Amino acid sequence: MPVMDPNARPKQLSSPAVASLIKVGSRLNAKVYKATGGRLGNTWRIGAGLRNPVPMCLLTTIGRKTGEPRTAPLLYLRTGDSFVVVASQGGLPKNPAWYLNLVANPEVTIQVGKEIHELTARTATDAERDDLWPQLVSLYADFDTYAAWTDREIPVVICEPR
């Protein structure tokens, strides 16, 4: 499997079709995950995750415009009772909708397997991000590639027990 080149951002990355594909794939993954209690759809096996599968959770936020629950499957890092997720969206130029939702309403849930955790989300401080980023890249090396592909600083989100 070829390693993604951080200096060779795919031209099609900014295409609306890529964003749509991510959205459809995420919705399908979330449905399968929920239906199986996390037995299926619980690991990411794409890119750097092919050889080293990465654990996935379901993050549910409240839509900032609709007020409806919105669920996104995400890679996560567990630190004690907290969960750390990354708003990378594959290096797309804009933050993902789920991130905008939790900024508007930080009360979220994270499902891991059949367990559901009620949490409060916040963007990591610069110091926290500096500490967490190497751990996140160790978990999934492509986070560094995604960061190289975008001009925005990719938010790191800490979800702590309410």
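The model is predicted, with local features needing pLDDT of at least 70 and side-chain atom pairs pLDDT 80 or more, while totals for chains, interfaces and linings use all residues. Residues are numbered from 1 along each chain as its sequence is written, and side-chain values use heavy atoms, without hydrogens or water.

I then searched the whole structure for aromatic pairs and noted seven. Rings of Phe, Tyr and Trp (its six-membered ring) pair if their centres lie within 6.5 Å; planes under 30 degrees apart are stacked, over 60 edge-to-face, and the rest tilted. One of the pairs joins tyrosine 140 to tyrosine 146 and is tilted, at 6.1 Å centre to centre and 55° between the planes. Phenylalanine 143 and tyrosine 146 form an edge-to-face pair, with 6.5 Å between centres and 75° between the planes. I recorded that Trp133, Tyr140, Phe143, Tyr146 and Trp149 form one aromatic cluster.

Next I checked burial (buried is under 20% relative accessible area, exposed over 50%, partly exposed in between; 1.4 Å probe, protein chains only). Tyrosine 140 is buried at 2%, and tyrosine 146 is buried at 11%.

Finally I turned to helix 2 (residues 97–104), whose buried residues are Trp98, Tyr99, Asn101 and Leu102. Helices are DSSP runs of H or I, at least four residues, numbered from the N terminus. The face turned away from the buried side of helix 2 carries exposed Val103 and Ala104.

Conventions: Helices (H or I, at least four residues) and strands (E, at least two) are DSSP runs, numbered from the N terminus.
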